[in-house]
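Please keep the view open as you read.

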Amino acid sequence: MRDWLVGLGVAVVLLLASWALLILLARRLPPGIMRDLAAFVPDCVTAVRRLRTDPRVPRRAKIAVLIAGIWVASPVDLIPEFLPVIGPLDDIVVVALALRYAARRVPRDVILAAWPGEPRLIERLLGTPPP
């Protein structure tokens with residue numbers, strides 16, 4: 001039993017150390033697409049939280065963004081997070097799909113106001129506004 005607990009403790013320490021290393025490396029990235037991708041998931045989590053509490057967002061859109069938020073926060077992933085570059089791809093795809101779904105049901109300015117990051121990223125994700 002003790003060996004199992006030691007192994008679990010080592011695994012948790014290694015996981016936390018890998019996250020700290022990834023955060024440190026992400027902060028050192030030069031401006032550009034890689035830095036934008038590193039900031040994308042935290043920006044998505046903030047946008048999901050803001051949209052979930054906004055009264056102008058319909059229930060179905062709130063459910064979609066809530067599922068996306070749970071997906072990002074969940075430790076279970078289709079692609080493990082520790083893989084460089086491609087690790088967060090499943091999170092990015094799920095959140096992008098949920099935000100695009102919500103964008104069809106919510107006024108564009110509500111989504112833009114909820115987005116804390118670089119506006120050009122969310123504009124590109126949402127695509128051109130319908131006429």
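## About the model

This is a predicted model, in which local features need pLDDT of at least 70 and side-chain atom pairs count only at pLDDT 80 or more, while totals for chains, interfaces and linings use all residues. Residues are numbered from 1 along each chain as its sequence is written, and side-chain values use heavy atoms, with hydrogens and water left out.

## The chain as a whole

The protein chain has 6 helices and 0 strands, with helices (H or I, at least four residues) and strands (E, at least two) taken as DSSP runs numbered from the N terminus. Buried residues account for 28% of the 131 residues; buried means under 20% relative accessible area, exposed over 50%, and partly exposed in between (1.4 Å probe, protein chains only).

Contact means heavy atoms within 4.5 Å. Among contacts between residues at least 6 apart in sequence, 52% join residues at least 24 apart.

## The nonpolar core

A nonpolar core is a set of buried Ala, Val, Leu, Ile, Met, Phe, Trp, Tyr and Cys residues joined through side-chain atoms within 4.5 Å. The largest one holds 26 residues, and Leu51, Leu99, Ile111, Trp115 and Ile122 touch the most other members. Elements giving two or more residues to this core are α2, α3 (59-73), α4 (89-103), α5 (108-114) and α6 (119-126).

Helix α2 (residues 33-53) is also the place of Thr46. Thr46 is buried, at 17% relative accessible area, and, leaving aside neighbours within four places in sequence, is in contact with Ala114 and Pro116.

## One face of α6

Which residues of α6 are buried? They are Leu121, Ile122, Leu125 and Leu126. Seen down the axis of α6, these buried residues fall within an arc of 125 degrees, so they line one face of the helix; the arc is that of the directions from the helix axis to the C-beta atoms.

Not counting residues up to four places away in sequence, Ile122 touches Leu99, Ile111, Leu112 and Trp115. Just after α6, Gly127 takes a positive phi of about 80 degrees.

Leu16 is found in helix α1 (residues 2-27) and counts as partly exposed, at 49% relative accessibility.
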